[in-house]
Structure formats: C-alpha cells, structure tokens
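Keep the structure open beside you as you read.

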Amino acid sequence: MSVEAGSPAGSRVGEVRTVGVVMNGVTGRMGTNQHLVRSILAIRDEGGVRTPSGLAIWPEPVLVGRNEAKLRALAERHGLERWSTDLDQALADPDCEVYFDAAATSARAEGMERAIAAGVHVYCEKPSAPDLDSALRLARLAGEAGVKHGVVQDKLFLPGLLKLRRLLESGYFGRLLSVRGEFGYWVYEGPEPPGQRPSWNYRTEDGGGILADMLPHWRYVLDDLFGAVRSVYTLGVTHIPERFDEAGRIYESTAEDAAYAMFELEGGVVAQINSSWCVRVNRDELVEFQVDGTEGSAVAGLRRCRVQPRAATPRSIWNPDIADPNDYRAGWLELPDQSDYDNAFKVQWELFLRHVACDEPFAWDLFEGAKGIQLAELAERSWREGCMLEVPELER
C-alpha cells in the first residue's frame with residue numbers, strides 16, 4: 001500500500017510502500033536493541049528501505065507481548081502508538097503483513113503458526129522452534145500457505161565475516177584445509193557480580209544450553225562460507241553446576257555451558273569450534289575463526305580480519321631449548337574496511353522487507369533455520385552416544 005505525502009514516510013520520499021510489522025518479544029534485550037531500535041527504527045530514521053526503482057519500504061511496527069506495562073513503556077520511549085497484548089487481533093489487521101518473533105524459543109512455534117494461519121509473512125530469531133520436527137512443520141506450513149518466511153542469520157552480515165567471504169571468493173586460500181573457531185566469555189555465576197545472561201540459558205527444561213544457542217549459528221556460518229556440514233562430533237560439559245538467578249536464588253545448572261565440536265565439511269574441510277560461557281577471553285574478539293589453506297590463512301572475528309599469505313609465512317622449527325626468534329602475531333596483515341558496514345541485523349531486515357514488498361530473493365528461509373536445529377540435536381546426540389554422526393539432507 002502507499003501512504004499520503006503528509007505521513008512521516010511520505011515526507012522523505014515520493015512513493016512509499018508501508019509494511020505493518022507485528023513484533024512479538026521485543027521487550028527483551030535482543031528484541032529491543034537489535035531488532036526494534038537498531039533495525040526497524042533505524043530504517044525509519046533513514047526514510048525507509050530504498051529500492052533501485054525509487055520506492056521506499058516503510059516498516060510500521062506493532063509491538064505485541066504479554067506484559068502490558070513493558071509494552072506501553074517501550075512504545076512511549078520510542079514514540080510508537082501501536083502495541084497490544086492480543087496477538088490474534090494484531091495479526092487480523094490487514095495492514096500488518098509481517099509477523100516477527102523474538103520471544104522465548106519454547107513459545108515461538110505457537111506464535112509463528114498463528115501468523116501463518118492468518119496468512120501473514122513470518123520472520124523470526126533463531127532457533128525457529130524448540131525441536132527439528134516443529135521447525136520443519138512450520139516451514140512446510142508456511143510453504144503450503146504461500147507466505148514468505150525467514151530466519152535471522154545475522155553473523156553472515158558482520159564486517160569480519162564479510163571480509164572473509166571476499167577472501168574465499170577471490171581464491172586467496174588456495175585449497176581450503178581447516179577452520180578453527182573459538183567463541184565465548186566468562187558468564188558470572190552470581191550473586192555478585194550478577195550473571196550477564198538470563199538464568200533460563202542454563203536450564204535444559206526451559207530450552208537452555210549452549211548447543212541450542214550456538215550450533216544453529218555455526219551451521220549457517222559453516223554451510224554458507226566453507227562447505228555443507230556432513231558430520232559432527234561433540235562433547236558437551238556443564239562446567240558450573242550451580243548458578244544464581246535474577247532474584248539471587250541458587251539453582252542447579254541442568255544445561256551444558258560449554259561445547260567442543262568437530263565437523264567434516266563437503267570437500268574434505270575439517271572444522272572445529274569451541275563454544276563456552278566458562279572461558280576468559282585471550283583473543284581480540286569474542287568469536288574468532290582461523291581459516292587455513294594451502295596458499296594462505298586468515299583470522300576473522302566480528303569486525304576484524306587479518307591474513308598471512310604463503311609467501312609471508314615464517315619457517316618455524318620446533319626447538320623448546322631456545323627462544324623462538326619469530327614474532328608470530330606481527331606477521332599478520334590487517335585487512336582495511338572497504339565500506340561503512342551497517343548493523344548486521346538491520347541489513348538482513350532490509351533484505352527481508354524487500355523480499356516481502358518487491359519479491360526479491362531471500363535465501364535464509366525456515367528450512368535453512370531448521371538445519372541449525374538439526375545440527376544442534378545431532379551434536380547433543382553425538383555427545384550422549386560418544387560418536388561422530390552423519391548430517392543427512394533435510395527434505396523440504
């Protein structure tokens with residue numbers, strides 16, 4: 001639909017396509033900061049998503065959730081008028097074309113299914129559902145209903161991984177050999193200082209655990225950059241058996257807080273990624289990937305990417321009896337920023353809105369999201385059974 005020239009959007013550009021977006025779960029930290037403020041509101045501040053034809057896509061958020069006080073406060077803080085505790089009423093509004101879900105994973109499938117039944121396009125945080133069967137069911141329901149669908153896969157749009165992608169596409173590495181990933185930081189157990197992650201993250205019964213949280217990320221990073229994941233072996237550990245919740249009460253940690261995983265990728269590439277909430281950071285960023293190939297190596301994080309080509313690789317000799325003459329860290333070259341990198345969540349929001357409004361392609365659908373849940377489930381089974389497991393192709 002178009003809006004009148006006197007509307008907030010119409011004052012910025014000529015032709016405007018308004019897309020109502022029902023946003024569920026945005027009173028939480030991630031939903032507020034990354035999706036509402038740094039994505040949807042930032043897009044509005046820029047006059048909408050611009051398209052080559054000159055059209056501007058103007059997202060109109062409708063905040064929904066269970067807590068009326070939080071919704072009202074959030075809306076007032078950002079000058080928004082539309083919010084509701086009635087999800088079905090919001091979905092029934094003909095102006096609302098997109099439903100976004102960043103609520104608790106355990107409740108996500110229900111909200112998504114209600115949106116699909118209402119004929120509303122769906123976009124959600126990962127994981128899209130608490131288990132693979134539910135995720136595939138949602139994807140198939142969306143396909144049958146003819147609604148467009150997508151899952152947040154934000155790390156693909158981070159500056160460090162965008163630089164890494166350019167290296168891969170240029171052939172810089174020669175034959176790709178291996179990927180080593182390190183992710184994590186120390187999450188305080190509480191009560192002082194309090195933990196910086198919600199307590200449900202450490203309770204299996206509430207959908208917690210680092211496998212469910214991080215393996216979906218590693219699936220799309222590995223698949224998209226280095227090669228499809230063909231097998232997985234994982235060891236999960238609960239390093240901290242007791243923590244304190246938000247009220248200062250002690251509770252048992254029933255979910256794993258660290259996972260050490262190895263993957264075989266298509267083409268013979270070997271990947272290993274450690275994920276931990278019980279590690280003190282001795283690296284430049286909270287996540288880093290070292291990629292080694294026959295012609296060169298790179299270390300990429302969220303924003304930085306450093307390289308060492310074959311010609312600049314020092315000739316190392318193992319001799320524990322003398323000091324090593326090589327300054328290994330000094331031999332890496334920092335890749336410069338070649339553009340102004342936007343917020344990764346916002347970039348993917350813009351792509352999804354263009355998918356909805358202009359029918360442009362969008363690769364990261366609910367089936368892609370289901371692959372991450374599949375890998376998390378196989379990783380947990382690998383841990384329990386103590387063996388490497390194949391990752392079968394998912395049937396759409």
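T105 counts as buried because its relative accessibility is 16%, where buried means under 20% relative accessible area, exposed means over 50%, and partly exposed lies in between (1.4 Å probe, protein chains only). T105 has its place in helix α4; helices here are DSSP runs (H or I, at least four residues), as are strands (E, at least two), numbered from the N terminus. Beyond its neighbours within four places in sequence, T105 is in contact with P127, A129 and P130, a contact being heavy atoms within 4.5 Å.

Before going on, a word about what you are looking at. This is a predicted model, in which local features need pLDDT of at least 70, side-chain atom pairs count only at pLDDT 80 or more, and totals for chains, interfaces and linings use all residues. Residues are numbered from 1 along each chain as its sequence is written, and side-chain values use heavy atoms, with hydrogens and water left out. The average pLDDT of the chain is 94, and 96% of the residues score at least 70; pLDDT is the predictor's confidence in each residue, from 0 to 100. Over residues 1-13, pLDDT stays under 50, and the model has 24 contacts beyond four places in sequence for this stretch.

Back to α4, and on to its packing. Two packed helices are described by the angle between their axes and the distance between the axes. Helix α4 (residues 105-117) packs with helix α5 (residues 132-145) at an angle of about 10°, their axes being 10 Å apart. Axes are lines fitted to C-alpha atoms, for helices over the stretch in contact, and angles run from 0 to 180 degrees between N-to-C directions. α4 and α5 are therefore roughly parallel to each other, given that angles under 35 degrees count as roughly parallel, over 145 as roughly antiparallel, 65 to 115 as roughly perpendicular and the rest as oblique. On the α4 side, A109, M112, E113 and I116 meet R137, L138, L141, A142 and A145 in α5.

How do α1 and α8 lie relative to each other? The axes of helix α1 (residues 29-45) and helix α8 (residues 344-358) come within 9 Å and cross at roughly 60°, so the two are oblique to each other. Residues of α1 that meet α8 include M30, Q34 and R38, and among their partners in α8 are F345, W349 and L353.

Now for the charged pairs. Side chains of opposite charge can pair when their charged atoms come close. Taking a salt bridge as a side-chain nitrogen of Lys or Arg within 4 Å of a carboxyl oxygen of Asp or Glu, the count comes to 35. One of them joins D101 and R108 (3.4 Å, N to O), and both of these residues are buried.

Another salt bridge joins D224 and R165 (2.3 Å, N to O). This pair links distant parts of the chain, with D224 in helix α7 (residues 210-226) and R165 in helix α6 (residues 159-170), 59 residues apart. D224 is partly exposed because its relative accessibility is 34%, and R165 is partly exposed too, at 22%.

R230 forms a salt bridge with E393, their closest N and O atoms being 3.1 Å apart. R230 lies in strand β9 (residues 229-237) and E393 in the segment after β18 (389-390), so the pair ties together parts that are 163 residues apart in sequence. Finally, a network of salt bridges links D284, E288, R304, R306, R329 and E334.
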